[in-house]
Amino acid sequence: QVQLVESGGGLVQAGGSLRLSCAASGTIFSINTMAWYRQAPGKQRDLVAAITSGGSTNYADSVKGRFTISRDNAKNTVYLQMNSLRPDDTAVYYCNADLRARFAPRQTYWGQGTQVTVSS
């Protein structure tokens, strides 16, 4: 059974930094794109950043130049380094992975979410 487990969220002052991690566990054959999404109260869940298995990345305009997504394929882990945080970055951050696991078709999995709160 595949699980995505996020860590690294918390409370930080504006201008500060946080690093989120998301590790995929289970009998995984391959992982394609991994991504981070976020959802603020009363708003839809939006893509923050994504990274392909080959290392190509894309970012939401609102985080370009401040956030960096990376991955360690040997550890089935994706990271999100968040710098120059602003109050409007406050949200629950979700990890997402498109992967192929044992006894399952290729599909998208989600983590449980980690809260990031930026105070002004």
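**Loop residues and strand pairing in the predicted model**

Ala104 lies in the loop between E9 and E10. The model is predicted. Ala104 has a relative accessible area of 19%. The cut-off for a buried residue is under 20%, so Ala104 counts as buried. Ala104 and Leu11 are separated by 93 residues in sequence. In space, the C-alpha atoms of Ala104 and Leu11 are 37 Å apart.

Phe103 is placed in the loop between E9 and strand E10, which spans residues 107–110. The relative accessibility of Phe103 is 77%. Exposed means over 50%, and Phe103 is therefore classed as exposed. The backbone at Phe103 shows a phi near 60°. This is a positive value in a residue other than glycine.

A positive phi is also found at Asn76, at about 50°. Asn76 is not a glycine. Asn76 sits in the loop between strand E7 (67–72) and E8. With a relative accessible area of 23%, Asn76 is partly exposed.

Asp89 belongs to the loop that runs between strand E8 (77–82) and strand E9 (91–101). The relative accessible area of Asp89 is 0%. Asp89 is thus buried, because the limit for that class is under 20%. The side chain of Asp89 makes a polar contact with the side chain of Arg38. The distance of this contact is 2.9 Å. Beyond residues up to four places away in sequence, Asp89 touches Arg38, Arg66, Phe67, Ser84, Val116 and Val118.

Strand pairing was examined next. Strand E1 covers residues 3–7 and strand E3 covers residues 18–25. E1 and E3 run antiparallel and are joined by 5 bridges. Within this pair, Val5 stands opposite Ala23 in E3. E3 also pairs with E8, again in an antiparallel arrangement. Here 6 bridges join the two strands. Leu20 stands opposite Leu80 in E8. In a regular strand, side chains alternate between the two faces of the sheet.

Taken by loop, the picture is as follows. The E7–E8 loop holds Asn76, which is partly exposed. The E8–E9 loop holds Asp89, which is buried. The loop between E9 and E10 holds Phe103 and Ala104.

How values were computed: Residues numbered from 1 in each chain as written. Predicted model: local features only at pLDDT ≥ 70, side-chain atom pairs only at ≥ 80, totals over all residues. Heavy atoms only, no water. Helix = DSSP H or I, 4+ residues; strand = E, 2+ residues; numbered from the N terminus. Buried < 20%, exposed > 50% of the residue type's maximum accessible area, 1.4 Å probe, protein only. Polar contact = N/O pair within 3.5 Å; in protein donor to acceptor, adjacent residues only side chain to side chain. Contact = heavy atoms within 4.5 Å. Pairing = 2+ DSSP bridges.
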